[in-house]
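I am opening my notebook on a new structure. I want to look up its sheets and its domains.

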Amino acid sequence: MNLFDVYPINPINIVKGIGSLVYDDKGTEYLDLYGGHAVISIGHTHPHYVKRLEDQLHQIGFYSNSIEIPLQKQLAEKLGQVSGKEDYQLFLCNSGAEANENALKLASFYNGKKKVIAFKNAFHGRTSLAVAVTDNPKIVAPVNETENAIFLPWADEAALEQAFADNEISSVIIEGIQGVGGIQVAPILFLQKIRTLCDEHNAVFIADSVQCGYGRTGKFYSHDFAGIDADIYSMAKGMGNGFPVGAISISPKIKPWYGELGTTFGGNHLACAAALAVLETIEQDNLMANAAEVGEYLISELKKFDKVTEVRGRGLMIGIDLPAELSNVKKDLLFKHQIFTGEAKPNVVRLLPALNLTKAYADKFLQAFDTTLKNS
Ligand code: PMP
């Protein structure tokens with residue numbers, strides 16, 4: 001059987017990882033500033049993570065959601081504490097799309113409405129509802145339910161107010177920083193406006209934190225910069241540091257009822273152990289502060305490059321705009337300097353490293369970036 005080809009791939013076979021470094025099958029060392037698309041939050045093979053997963057695997061990996069799983073309660077407690085949203089409720093699932101799918105459904109169960117506001121260039125996943133509010137017609141199949149999705153221009157308060165006028169909005173879904181859309185930071189006043197309008201119209205504010213959450217920006221949720229509380233936070237990627245786990249954190253105003261949400265694998269013992277290990281490490285190693293500090297340093301240094309058109313981001317979620325003629329930079333960084341970065345649009349270099357990136361590795365990247373730009 002052949003693989004169903006869906007991803008463009010680089011001819012590199014990564015077989016090992018330690019912290020911010022990965023190694024291919026020939027022993028070549030790479031600096032990983034992409035983390036498999038913001039998935040690696042605490043670094044590859046972090047000792048605490050490996051031990052917690054290994055210990056759990058020796059105990060039990062999976063049973064079912066029909067029994068009590070104390071690890072789920074521990075995870076909810078820890079997530080409440082680290083995120084500062086202790087009165088929220090946790091629903092565990094397996095991916096970012098599934099988290100958003102459930103968030104959108106829950107919002108609709110809650111207020112009985114159907115319409116969802118999303119934004120230009122948004123990415124929320126590839127399942128039916130998640131893809132319907134994703135601004136990429138190429139990945140929307142005829143079967144997907146798009147008729148209730150309303151796409152608004154990014155950060156346009158007037159358009160937002162107008163969309164609320166008919167009072168049919170169930171929810172607004174917004175990334176605190178658009179990732180796939182090219183690292184666009186949501187303005188604080190705009191997030192506050194969404195909060196006000198959702199309150200006035202009994203609509204649900206869904207903060208997609210799948211890529212920008214989990215401490216990456218220096219705050220647990222990047223929406224926290226606006227000083228507001230969302231009704232539902234969706235998360236995945238960095239939550240499991242590579243183990244597939246997703247979740248929504250739900251405000252106490254939304255009451256659960258039996259049979260409303262569910263999934264076979266969600267909250268299994270191994271997933272909980274992985275997610276707990278990540279949170280414990282974020283806390284013990286002070287990783288949010290490190291992300292803020294090293295991120296701020298990188299952003300300020302990157303702004304000094306003449307050839308860079310714009311630098312955007314917060315903490316360790318950074319987008320570097322380059323002129324169209326420099327679209328080779330990403331490939332040169334990988335093949336000449338052995339540094340993995342990510343792409344958003346062809347001329348945007350995306351940095352999504354592990355939150356424990358050191359300043360020394362940031363400097364190594366800056367030097368390679370300088371050489372690459374000089375030779376371009
Ligand atoms: N939301 C955002 C903001 C994302 O960046 C992604 C993945 N790129 C998703 C949702 C979907 O996550 P997953 O691939 O785990 O379904």
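This is a predicted model: local features need pLDDT of at least 70, side-chain atom pairs count only at pLDDT 80 or more; totals for chains, interfaces and linings use all residues.

**Entry: domains.** I looked up how the chain is divided. Domain 1 takes in 14-46 + 287-374, and domain 2 covers 47-284. I then checked the C-alpha centres of domain 1 and domain 2, and they are separated by 25 Å.

**Entry: where the domains touch.** I found 26 residues of domain 1 in contact with 29 residues of domain 2. Which elements give two or more residues to the domain 1 side? I listed α1 (35-38), α9 (287-302), β13, β14 and β17. The largest share comes from α9, with five residues. I also sorted this side by class: 14 residues are nonpolar, eight are polar and four are charged.

Entry: I traced an open sheet of four strands in the order β13-β14-β17-β16, and its pairing is antiparallel. Next I looked at β14 (residues 317-321) and β17 (residues 348-351), which pair over four bridges. I noted that I318 has L351 of β17 as its bridge partner.

**Entry: another sheet.** I traced an open sheet of four strands ordered β1-β2-β3-β15, with mixed pairing. Its edges are β1 (14-18) and β15 (339-340), each with a single partner strand. Strands β2 (residues 21-24) and β3 (residues 29-32) run antiparallel, joined by three bridges. I noted that V22 has Y30 of β3 as its bridge partner.

Note on methods: Residues are numbered from 1 along each chain as its sequence is written. Two strands pair if DSSP finds at least two bridges between them. Domain bounds come from an automatic or database domain assignment. Two residues are in contact if their C-beta atoms, placed from the backbone, lie within 7 Å. Ala, Val, Leu, Ile, Met, Phe, Trp, Tyr, Cys and Pro count as nonpolar, Asp, Glu, Lys and Arg as charged, and the others, Gly among them, as polar.
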